[in-house]
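Subject: Structure for you to look at

Hello,

Here is the structure I said I would pass on. My notes on it follow below.

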Amino acid sequence: MIKYLLGCASGHEFESWFRAGADFDAQSRSGEIACPYCGSIEISKQPMAPSVVTKRAKAAAQTTEAPVSAPAGGAGSSDVREALRVFTQKVIANTEDVGTRFADEARKMHFGEIEERHIRGSSTPEEARELVEDGVPFGILPTLPEDLN
Ligand SMILES: [Zn+2]
């Protein structure tokens, strides 16, 4: 499972889950992904998202079946936002920031070249797609409207 931050031609942003990067490409091409705000099907992935690998994320990636699509941020309740904030803080407190080396580190752990640990960092859409193709499980952290402090 991979979460992409998507944007429509009018500049609306929303998030959606996909089983793999290729699913986004296929659904986008066939016009199955529409902006929840204006209905545009001119959807593109937004660059750079913070990513994370944890043992829990791996387990979730292996057990989750169907892709789920849900617009985020629109009518977002404060409960959901608070839960995301707590989740993100917990992830940040329990992971090592490897920055832009994220994709490399995640791949090495997946193939047993280095010991598994919890890491977070940034990956480009290209790197994320390669991780998906290599079967490396990882998650995308939710982006929050306000800075964490
Ligand atoms: Zn839109």
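E1 and E2 pair in the antiparallel sense, over 6 bridges. Please keep in mind that this is a predicted model. Within that pairing, Tyr 4 has Ser 16 of E2 as its bridge partner, and Leu 6 stands opposite Phe 14, also in E2. The two strands make a hairpin with 4 residues between them. Gly 11 sits in the turn and has a positive phi of about 90°.

Next, the metal. Which residues coordinate the zinc ion? They are Cys 8 through SG, His 12 through ND1, and Cys 35 and Cys 38 through SG, at 2.0 to 2.3 Å. The arrangement is tetrahedral because the 4 donor atoms subtend angles of 104 to 114° around the zinc ion. For comparison, the ideal angle for four tetrahedral donors is 109.5 degrees. Along the sequence, the donor residues are spaced C-x3-H-x22-C-x2-C.

The cut-off for buried is under 20% and for exposed over 50%, so both values fall in between.

Leaving aside neighbours within four places in sequence, His 12 is in contact with Leu 6, Gly 7, Cys 35, Tyr 37 and Cys 38. Cys 35 is 23 residues from His 12 along the chain, and their C-alpha atoms are separated by 7.4 Å.

The largest nonpolar core has 21 residues, and Leu 6 and Ile 43 are the ones with the most contacts inside it. Two or more residues each come from strand E1 (2-8), strand E2 (13-18), helix H4 (102-110) and helix H5 (125-133). Not counting residues up to four places away in sequence, Ile 43 touches Leu 6, Gly 7, Cys 8, Phe 14, Phe 24, Ser 28, Ile 33, Ala 34 and Cys 35. That list includes Cys 8 and Cys 35, which are zinc donors as well.

Last, the overall figures. The secondary structure comes to 5 helices and 7 strands. From the N terminus on, the elements run β-β-α-β-β-α-α-β-α-β-α-β. The protein has 149 residues, of which 33% count as buried. Among contacts between residues at least 6 apart in sequence, 63% join residues at least 24 apart.

Regards

Notes
Residues are numbered from 1 along each chain as its sequence is written. This is a predicted model: local features need pLDDT of at least 70, side-chain atom pairs count only at pLDDT 80 or more; totals for chains, interfaces and linings use all residues. Side-chain values use heavy atoms; hydrogens and water are left out. A nonpolar core is a set of buried Ala, Val, Leu, Ile, Met, Phe, Trp, Tyr and Cys residues joined through side-chain atoms within 4.5 Å. Buried means under 20% relative accessible area, exposed over 50%, partly exposed in between (1.4 Å probe, protein chains only). Contact means heavy atoms within 4.5 Å. Donors are N, O and S atoms within 2.8 Å of the metal (3.2 Å for Na, K and Ca); water is not among the atoms, so sites may look incomplete. Four donors count as tetrahedral if all angles lie between 85 and 135 degrees; four count as square planar and six as octahedral if opposite donors are over 155 degrees apart and all others between 65 and 115; anything else is irregular. Two strands pair if DSSP finds at least two bridges between them.
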